[in-house]
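This report goes through a protein model for a reader who is new to protein structure. Please look at the sequence and the structure first, then read on.

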Amino acid sequence: MKIIWYGHACFWVETNGVRLLIDPYPEVDDDRIGEVDYILITHEHVDHYGKVELLSRLRDATVIGPKPVYMTAISDGVTKVREIEDGQTIELENGVKVTAFYMEHPSSQYPLGYLIEGDKALFHTGDTYSTPVLQRLRGRVDVLLVPISGRSTANEREAAQIVEDVRPRLVIPMHYGVYGTGSPEKLRDELQKKRIWTLVRPLELYEEFTL
């Protein structure tokens, strides 16, 4: 599995040859984004949906998202779009599948997180606070992408609780540095208080990480 962070909550993930882009925000540098087969959108807010219309057309990619995203994409003229809801699994190619989980983000109409399973299992929480739903993922996740900014989503302390619930092999913090602040070091400190030794691996902008 290859992972590239494009800032905020936007990641490019390749697994089993399938290329996915998650939550392209309005200011993302789309010229640096390579080929994309699917664009996953966690919820309808502009800092996650931002460049869907442009990138879906430029990359000829299929957009997948909850009903508010589906409806917005249709109204924006996106022709390749699929709706997904809590508990649903969509089978992609080469054994890759995406399963949706309802998250805790009260300002959204239908916030989701996505479990992407291919050669490894990655979970992108979208925007969420700590929620008991995440305990259902314990033991199933290699890589957890978790927000830390505390701006309408988890801060470092709450992110540590999410990590405790999920127990992934690796944590990559997100949702900081573009629209808000956040400290991976503070996340590490909060995990140490809980005596949880999961590896925290912040990514630099445009860094490619292979697991």
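In which helix is the place of Leu55? Leu55 sits in helix H2. Helices (DSSP runs of H or I, at least four residues) and strands (runs of E, at least two) are numbered from the N terminus.

The model is predicted: local features need pLDDT of at least 70, side-chain atom pairs count only at pLDDT 80 or more, and totals for chains, interfaces and linings use all residues. Residues are numbered from 1 along each chain as its sequence is written, and side-chain values use heavy atoms, with hydrogens and water left out.

Leu55 counts as buried because its relative accessibility is 0%. Buried means under 20% relative accessible area, exposed means over 50%, and partly exposed lies in between, with a 1.4 Å probe and protein chains only. Leaving aside neighbours within four places in sequence, Leu55 is in contact (heavy atoms within 4.5 Å) with Leu21, Pro24, Asp30, Ile33, Ile39 and Asp60. The C-alpha atoms of Leu55 and Ile148 are separated by 26 Å, and the two residues are 93 apart along the chain.

Helix H2 (residues 52-59) lies across strand S3 (18-22), S4 and S5, and runs at about 165° to S4. Axes are lines fitted to C-alpha atoms, for helices over the stretch in contact, and angles run from 0 to 180 degrees between N-to-C directions. Helix H3 (residues 67-75) also packs on the sheet: H3 touches S5 and S6, and its direction makes about 155° with that of S6.

**The sheet of seven strands**

The 7 strands form an open sheet in the order S6-S5-S4-S3-S2-S1-S14, with mixed pairing. Strands pair if DSSP finds at least two bridges between them. S6 (81-83) and S14 (208-210) are the edge strands, each pairing on one side only. From one strand to the next, the twist averages 20°.

Strand S12 (residues 170-174) is mostly covered, with 5 of its 5 residues buried. Leu170, Ile172 and Met174 are buried on one side, and Val171 and Pro173 on the other. In a regular strand the side chains alternate between the two faces of the sheet.

| Strand pair | Bridges | Facing residues |
|---|---|---|
| S11 (residues 143-147) and S12 | 5 bridges | Leu145 and Ile172 |
| S12 and S13 (residues 199-200) | 2 bridges | Leu170 and Leu199 |
| S4 (residues 38-40) and S5 (residues 62-65) | 3 bridges | Leu40 and Ile64 |

S11, helix H4 (residues 156-166) and S12 make a right-handed β-α-β unit. S12, helix H5 (residues 184-193) and S13 make a right-handed unit of this kind as well. Right-handed means that, with the strands pointing away from the viewer, the path from the first strand over the helix to the second runs clockwise.

**Nonpolar cores**

A nonpolar core is a set of buried Ala, Val, Leu, Ile, Met, Phe, Trp, Tyr and Cys residues joined through side-chain atoms within 4.5 Å. The largest has 52 residues, and those with the most contacts inside it are Ile3, Phe11, Leu92 and Phe123. H4 gives the most to this core, with 5 residues. Apart from it lies another core, of 20 residues, and Leu55 is among them, as are Ile4, Tyr49 and Val78.
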